[in-house]
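Let's take a walk through a protein together. Have the sequence and the 3D view open, and follow along.

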Amino acid sequence: MNRNVVAGNWKSNTGFNEAKSLTRAIAEATGDTESQVIIAPPAPYLAALKELCGAALALAAQNCSAYDMGAYTGEHTAQMLADVGVSHVIVGHSERRQLYGETDEVVAAKVHQVSAAGLHPIICVGESLEERESGEHMNVVKRQLQKGFFDVLDAAKAADVIIAYEPVWAIGTGRTASATQAQEMHLFIRQWVHEAYGQMADRMPILYGGSVKPENAEELFSQPDVDGGLIGGASLNAADFISIIKANDKWITAN
Ligand code: PGA
């Protein structure tokens, strides 16, 4: 797996036509990128957008069911996503934790489903402002990793994981973690992965998310343990998203 990743989380945005043109524009730009590029459009569009992605652009879902197939009205299973060509699933995004009450246990069940379907979980972790201000941020992230990742996946399955560190106070707020704050947490996460799973920590993509834009991407991505980003708002504009991908590529090529 490429350690350098830029993923776009479209959230509950875009009409179908807009989603198609955005996918086409991004797919066209990803042929020669160094970074693995992933888009996570709204679920109803996934099957149709797969046709437009081409070989280089990977498709992610923003969520999946914590259960297998069955009587769970409104849910889509990880296996259904796999069947239509999805390769990655975002799990544990702070909006799901906060707005839909997803606990560490629910996140764990979803990570299990994603992994069992042979897909890559993109596991989101991150602290609230209150937790950062009280100095609890490392403990919070450690708990999220322990329960949603280590308690669920053995070493063979863990190798498929992408981690996204997204401080809740930086998501959609225009307030970004400083490059130093991001690096400090990313190093902490990599050390945790190293203790939990050994050498694979060196190959695991650890992405930063929270108000990444073309203007701040390069500084964030230049940090040694920041391997790319999970981009929300700026991924809805093809030019901005492509410029963020290029910022990551530039750093990879320079090293
Ligand atoms: P943002 O969202 O870039 O709009 O802050 C990031 C995310 O929620 O993944």
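This is a predicted model: local features need pLDDT of at least 70, side-chain atom pairs count only at pLDDT 80 or more; totals for chains, interfaces and linings use all residues.

Asp104 has a partner: Arg97 forms a salt bridge with it, and the closest N and O atoms are 3.0 Å apart. What about Arg97 itself, buried or exposed? Arg97 counts as buried because its relative accessible area is 15%, and the cut-off for buried is under 20%.

Now hop over to another pair. Lys110 and Glu102 form a salt bridge too, with 2.5 Å between the closest N and O atoms. Both Lys110 and Glu102 are buried. Asp225 and Arg190 make one more salt bridge, where the closest N and O atoms sit 2.6 Å apart. If you tally up the salt bridges, you get 11.

Next, let's find the ligand. Which residues surround the ligand? Among them are Asn9, Lys11, His93, Glu166, Ser211 and Gly232. Sorted by class, the shell holds 3 nonpolar, 7 polar and 2 charged residues. The ligand takes up the space of the second largest pocket.

Zoom in on the contacts. The side chain of Lys11 has an N or O atom 2.7 Å from an oxygen atom of the ligand. For Glu166, a side-chain N or O atom is likewise 2.7 Å from a ligand oxygen. Gly232 uses its backbone instead: an N or O atom there lies 2.9 Å from an oxygen atom of the ligand. On its own, the ligand has 280 Å² of accessible area, and the protein covers 95% of that.

Note on methods:
Residues are numbered from 1 along each chain as its sequence is written. Side-chain values use heavy atoms; hydrogens and water are left out. A residue is near a molecule or strand if one of its heavy atoms lies within 4 Å of it. A polar contact is a pair of N or O atoms within 3.5 Å; within protein, one must be able to donate a hydrogen and the other to accept it, and residues adjacent in sequence count only if both atoms are side-chain atoms. Accessible areas come from the Shrake-Rupley method with a 1.4 Å probe; for residues, only the protein chains shown count as cover. On a 1 Å grid over the protein atoms alone, a cavity is a set of points where a 1.4 Å probe fits but cannot get out, and a pocket is an open set with protein on both sides within 12 Å along at least five of seven lines; lining residues have an atom within 4 Å of a point. A molecule sits in a cavity or pocket if more than half of its atoms lie within 2 Å of its grid points. Ala, Val, Leu, Ile, Met, Phe, Trp, Tyr, Cys and Pro count as nonpolar, Asp, Glu, Lys and Arg as charged, and the others, Gly among them, as polar. A salt bridge is a side-chain nitrogen of Lys or Arg within 4 Å of a carboxyl oxygen of Asp or Glu. Buried means under 20% relative accessible area, exposed over 50%, partly exposed in between (1.4 Å probe, protein chains only).
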